[in-house]
Amino acid sequence: MRIVVLLTSLALAAGAAPTHVQSQVSGPPLVGRTADSVATVSEVRRMIAQRYVLPERRAALDAVLADGLTSGRYAVADPALLAERVNTDLERVGQDRHLTFRFAPGEVAMLAAGSVEEPGDNAVFERLIRRANHGITDLRLLPGNVRVMTYDGFHWIGDETAAALNNAMRFLSGGDAVIIDLRRNGGGDPKAVQHIISRFLPAGTPLVTFYMNGSPEADSLSTLEVPDDQRMIGMPLYILTSGDTGSAAEEFTGHVAGYRLGEIVGTNTAGAAYRNDIVAVGDQFILSVSVGRPVLASTGTDWEGKGHAPTVETEGPAALDMSHAAALRRLVTSAPAEERPVLLAVAETMEARAQRREAALPLNSYTGIYGERTLTSDGVRLFSRRNDGEAFPLIALGGSRFAVEATPAMQMVFETIDGVVQAMTVVYVDGPPQLRVERTGPAH
């Protein structure tokens, strides 16, 4: 389940092992090949007629391809141009993010490197999945014991992937709140979706039903039994999304939204619901054909063309900070009294960074020497350096208050007279008393 499939960058479709259609690659792709447009388009028409997910749309797709042949629109020698024209027509009539046609002889060769005789054996696919750590690109611990997984693909190659995901789930389950970042996740395999979402729902909860190749018979998935050390039912959960969140990543988002398991933070997802297969057409072209329609058990619908709307709308990198802040403010209500000031201070800092708050004065107004601290500015941010140590960026909280980015519970408050900064007070929310220091000179 992928929007765009680029094997060389591991944007791999899932739902089924790659299928090979008339693939006869015997070596590296040759330069200067010409396109046999009639044979190529005929094969695309055959695949769509046999397998396209919506039978009622097959005739319209076939008609536009037939017209391209009879009108001479596809009578071109350049295979890249042929692919572009076919793809444009499929896109216009199909309105389907998974239905694509591309000139990609290198990818055809990579598909051919897998075993055509044994569909379950695809060494190239598995090697790429391992190199991408099964889609898990980052695990982080944020202040307040908020744990983050950056997950860039719902990849699946069986037990190896399950083991990698189990390790990640154990890490997340040790947190007080969880953030899963799907902003760059274009999709993958429903088995990976099932594996992860099962940590947040009781076993046996219906998830999704797939209607494949236009067949009325359905294939349904439900949640799995999971070990106690990976169970996260009821834990505060935040899913980060963007317009690049597609397909299987949208299925996962749909379960979270439909069962109200947590907040969706970011922007609307791509709206690419269908499952697809990747097939080689001849030895030069790749067809992604939609073969399955998913229906979510929690809503009774799919998300094709619509996507999932966020519950907290915010752009770009701000989504992580806003989720972190929201998690901390939720955790404050149940935290010990002595921990609450720190949680609130960190939450304010994260919100300020996400909102790009501005200081009361130009940043250069705050630069200078304050005892053993020197404050400098690059015109965009303010930095604090203690003696000859590392310079740490500050985050404007509003007015003349700043937080130290590396230690958000440490704040700096500046005093001004007639718009001129006179002194700075260092405030440790979780530490020693306040320390006031006069401004004694400009920064070196």
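## How α1 crosses α3

Helix α1 (residues 37–51) and helix α3 (residues 79–94) make a right-handed crossing, where right-handed means that the near helix is turned clockwise from the far one by less than a right angle, and left-handed that the turn is anticlockwise. Helices here are DSSP runs of H or I with at least four residues, strands are E runs of at least two, and both are numbered from the N terminus. The axes of α1 and α3 come within 11 Å and cross at roughly 30°; axes are lines fitted to C-alpha atoms over the stretch in contact, with angles running from 0 to 180 degrees between N-to-C directions. The two helices are therefore roughly parallel, a label for angles under 35 degrees, while angles over 145 count as roughly antiparallel.

From α1, the contact draws on Ser37, Thr40, Val41 and Ile48, and from α3 on Leu82, Val86 and Leu90; contact means heavy atoms within 4.5 Å. This set holds 5 nonpolar residues, 2 polar ones and no charged ones. In this scheme Ala, Val, Leu, Ile, Met, Phe, Trp, Tyr, Cys and Pro are nonpolar, Asp, Glu, Lys and Arg are charged, and the others, Gly among them, are polar.

## The model as a whole

This is a predicted model, in which local features need pLDDT of at least 70 and side-chain atom pairs count only at pLDDT 80 or more, whereas totals for chains, interfaces and linings use all residues. Residues are numbered from 1 along each chain as its sequence is written, and side-chain values use heavy atoms, leaving out hydrogens and water.

The protein has 10 helices and 20 strands. Of its 444 residues, 52% are buried, meaning under 20% relative accessible area with a 1.4 Å probe and protein chains only; over 50% is exposed, and partly exposed lies in between. Among contacts between residues at least 6 apart in sequence, 67% join residues at least 24 apart.

## α9 against α10

Now to another helix pair. Helix α9 (residues 318–332) packs on helix α10 (residues 340–355) at an angle of about 155°, with the axes 8 Å apart. That makes the pair roughly antiparallel, and the crossing is left-handed. Among the residues that meet are Asp321, His324 and Arg329 in α9 and Arg340, Glu348 and Glu351 in α10. The contact residues divide into 12 nonpolar, 1 polar and 6 charged.

## Leu344 up close

Leu344 is found in α10 and counts as partly exposed because its relative accessibility is 37%. Leaving aside neighbours within four places in sequence, Leu344 touches Arg329 and Val332. Ala325 lies 19 residues from Leu344 in sequence and 8.4 Å away in space, C-alpha to C-alpha.

Notes:
Parallel < 35°, antiparallel > 145°, perpendicular 65-115°, else oblique.
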